[in-house]
Amino acid sequence: MSGNYIPSHYLPVISILAFSVLVGLGALIAGLLVRPRRPYEQKLAPYESGNLPVGEPRYRFSVKFYIVAMLFVVFDVEAVFLYPWAVAYDRLGLFGFVEMMIFIVILLVGYVYAWKKGALTWE
Amino acid sequence: MTLPQIFFAYFAVALTGLSLLVVTRRNPVHGVMWMLILFIHVAGLYLFLNAEFLAAIQIIVYAGAILVLYLFVVMLLNLKKIEKERKFQHIWIVGLLVSVAFLTLLIPLLGKFSVYPPPGEYSVERINSEGQIMTVGRVLYTKFLLPFEIASLILLVSIIGAVVLSKRKLN
């Protein structure tokens, strides 16, 4: 049966995805067909609240963003592991509780380490 | 072709095309954006393999968290300098050789795969009657207890690694 499986209850999800892609592309294509094209320098300049753009738009971001993103990924994965654990909690009992506590404590070590090193403070 | 085959064909072609787009974009940010669409297509593939929990995780973790990490890493690099330099095109012959070598490694394995394998212990019907996440939870936290705890250590290493790598710049 594995090759013929159709996730039919996901039809609304696929429909709304297809519809939103259609709306987005449709608006772009309709605009492209309808609007007149008379570009000049001021019109093509990037809009910065009425000011003239100053400096390069691309500069190296602070490494602090990287730490925040990395910590987010790690604790996101931890949260993912909590979902099936919470659903199957009744069947797992105390054993499941203890192993999840070990898991959380190991990650807590990393959290405390990052905290003590000042990775969570912004300035 | 049946409906699942049509969907599989779409996902297979889209995944191949999108991965090519990811690696060939000159602007790394555009590459990462194509990767977002790639991740969503992978989730669609999981959905058709009766792995809807995995599909949700694919969206939450890969499209949500890991892609943001990739974006920040791209932004950490000096993009202007990278765009001026040629990519790795001058060693494309090496890439070709490596891909051909991998392909020859894979060809003997092709015969070992079956498109419709007999259902094992966890058939589609059993998983659906028991509940997807329930099945994952019951197996993951009993049979695969050790890999699960090892995963926490790997995550710990990644926290410490990230902090150590960027600590010098923080101070």
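In this predicted model, Val73(A) reaches across to chain B, where it touches Ala65(B), Ile66(B) and Leu69(B), leaving aside residues up to four places away in sequence. Val73(A) also belongs to the largest nonpolar core, a set of 23 residues, and is listed there among those with the most contacts inside the core. The others in that group are Ile67(A), Met70(A), Leu71(A) and Val74(A) from chain A, plus Ile159(B) and Val163(B) from chain B. Four helices each put at least two residues into this core: helix 3 (63–87) and helix 4 of chain A, and helix 3 and helix 8 of chain B. Helix 3 of chain A is the top contributor, with nine residues. There is also a second, separate core, this one of eight residues, and its members include Met35(B), Tyr46(B), Phe48(B) and Ala55(B). As a rule, nonpolar side chains in soluble globular proteins tend to be buried together.

Zooming out to the whole interface, 45 residues of chain A are in contact with 49 residues of chain B. Helix 8 of chain B accounts for the largest share, 16 residues. Sorted by class, the side of chain B that touches chain A comes out as 36 nonpolar, seven polar and six charged residues.

Chain A itself is simple in its make-up: four helices and zero strands, running α-α-α-α from the N terminus on. Its overall dimensions are another matter. The radius of gyration of chain A is 25 Å, whereas a compact globule of 123 residues would come in near 14 Å. Along the principal axes, the C-alpha atoms of chain A fill a box of roughly 70 × 55 × 25 Å. As for burial, 15% of the 123 residues of chain A count as buried.

An α-helix has 3.6 residues a turn, so residues three or four places apart point the same way. Just past the end of helix 4 of chain A, Gly118(A) adopts a positive phi of about 80°.

Chain B has a positive phi of its own to show. Asn50(B), in the loop between helix 2 and helix 3 of chain B, has a phi of about 60° although it is not a glycine. Most residues other than glycine have a negative phi. Asn50(B) counts as buried because 20 C-beta neighbours lie inside 10 Å, and 20 or more is what that label takes.

Leu21(B) and Leu96(B) lie 75 residues apart in sequence and, C-alpha to C-alpha, 17 Å apart in space.

Technical notes: Residues are numbered from 1 along each chain as its sequence is written. Chains are lettered from A and ligands numbered from 1 in the order in which they are written. Two residues are in contact if their C-beta atoms, placed from the backbone, lie within 7 Å. Ala, Val, Leu, Ile, Met, Phe, Trp, Tyr, Cys and Pro count as nonpolar, Asp, Glu, Lys and Arg as charged, and the others, Gly among them, as polar. A nonpolar core is a set of buried Ala, Val, Leu, Ile, Met, Phe, Trp, Tyr and Cys residues joined through C-beta atoms within 7 Å. A residue is buried if 20 or more other C-beta atoms lie within 10 Å of its own, exposed if 12 or fewer, and partly exposed in between; C-beta atoms are placed from the backbone. The radius of gyration is taken over C-alpha atoms; the globule rule is 2.2 Å times the number of residues to the power 0.38.
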